[in-house]
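Here's a quick tour for anyone meeting this structure for the first time. Have a look at the picture below, then follow the notes topic by topic.

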Amino acid sequence: MILPPLLPQGAELAHPPTRAKVYLSLLLAFVLTLLPWMEQIRWLVPDFTLMVLLYWNIRAPRIAALGAAFSLGLLTDVARGVLFGLNALAYCIATFIVLLLQRRLEGFDTPRQTLQISPILIGKEMLVLALGLMMGRGDADWRWLVAGVVAALLWSPLAWLLDRVTSQAPASQQPTL
């Protein structure tokens, strides 16, 4: 059994993620989240901003951490017109959990990461739904939990795409523990 190196090596060391790449991908994910989706399928659309944020929490935790999560959450709240701070709180909690598990998640290949990230993505939707219901938000619906399941299903393609676009070594090429 080969253990992964403690320090970055190879392609990861040659091409570390830059702030520009991280922030550009977060901006694109934010724009994708805010696209005018059809009302009939809006509850199926995952939170792309959170997904990309969690990806960077695993790959570059010093660049995209709690401050970025809070800022993006507030921007999402303002853009969607929901209770101010609702998404900011959910993003911060999800980011905190991923940062706690970052070293473990970093060592897994993409399918195993998906199994670890899925409860966090679904839990974020549950938290937003529960807080929305407690605060008297009338449009809260249980169907919105499906967006967390869709996000979990899209985690592998998103990680693969971001690995290729940002020249990161794919998690599947890293040795597993």
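Does Ala152 count as buried or exposed? With a relative accessibility of 10%, Ala152 counts as buried, because the cut-off for that label is under 20%. Keep in mind that this is a predicted model.

**The big picture**

- The protein has eight helices and zero strands.
- Of the 177 residues in the protein, 44% are buried.
- Take the contacts between residues at least 6 apart in sequence: 70% of them join residues at least 24 apart.

**Helix α5 and what covers it**

- Helix α5 runs over residues 86-100, so to speak a stretch of 15 residues.
- From first C-alpha to last, α5 reaches 22 Å, which is close to the 21 Å expected at 1.5 Å a residue.
- Its buried residues are Leu86, Asn87, Ala88, Ala90, Tyr91, Cys92, Ala94, Thr95 and Val98.
- The cover over those buried residues of α5 includes α3 (48-59), α4 (66-80), α6 (102-107) and α7 (110-134).

**How α3 sits against α5**

- The axes of α3 and α5 come within 9 Å and cross at roughly 25 degrees.
- That angle is under 35 degrees, so α3 and α5 count as roughly parallel to each other.
- The crossing of α3 and α5 is right-handed.
- On the α3 side, the contact is made by Thr49, Leu50, Leu53, Leu54, Asn57 and Ile58, while α5 brings Tyr91, Ala94, Thr95, Val98 and Leu99.
- Sorted by class, this contact of α3 with α5 has eight nonpolar, three polar and no charged residues.

**How α4 sits against α5**

- For α4 and α5, the axes come within 7 Å and the crossing angle is roughly 155 degrees.
- Since that angle is over 145 degrees, α4 and α5 are roughly antiparallel to each other.
- α4 also passes α5 in a right-handed crossing.
- From α4, the residues that meet α5 are Leu66, Ala69, Phe70, Leu72, Gly73, Leu74, Thr76 and Asp77.
- Their partners in α5 are Leu86, Asn87, Ala88, Tyr91, Cys92, Thr95, Phe96 and Leu99.
- By class, the contact of α4 with α5 has 11 nonpolar, four polar and one charged residues.

**Ala90, a buried spot in α5**

- Ala90 belongs to helix α5, and at 2% relative accessibility Ala90 counts as buried.
- Not counting residues up to four places away in sequence, Ala90 touches Lys124, Leu127 and Val128.
- Ala90 and Leu131 are 41 residues apart in sequence, and their C-alpha atoms are 9.7 Å apart in space.

**Back to Ala152, and on to Thr114**

- You'll find Ala152 in helix α8 (residues 146-165).
- Which residues does Ala152 contact, leaving aside its neighbours within four places in sequence? They are Thr114, Ser118 and Leu121.
- Ala152 and Ser118 are 34 residues apart in sequence, yet 4.9 Å apart in space, C-alpha to C-alpha.
- Thr114 lies in helix α7, and its relative accessibility of 13% means that Thr114 counts as buried.
- Setting aside neighbours within four places in sequence, Thr114 is in contact with Ala152, Trp155 and Ser156.

Note on methods. Residues numbered from 1 in each chain as written. Predicted model: local features only at pLDDT ≥ 70, side-chain atom pairs only at ≥ 80, totals over all residues. Heavy atoms only, no water. Helix = DSSP H or I, 4+ residues; strand = E, 2+ residues; numbered from the N terminus. Expected span 1.5 Å × (residues − 1). Buried < 20%, exposed > 50% of the residue type's maximum accessible area, 1.4 Å probe, protein only. Contact = heavy atoms within 4.5 Å. Axes fitted to C-alpha atoms, helices over the stretch in contact; angles between N-to-C directions. Parallel < 35°, antiparallel > 145°, perpendicular 65-115°, else oblique. Left-handed = near helix turned anticlockwise from the far one by under 90°. Nonpolar A, V, L, I, M, F, W, Y, C, P; charged D, E, K, R; others polar.
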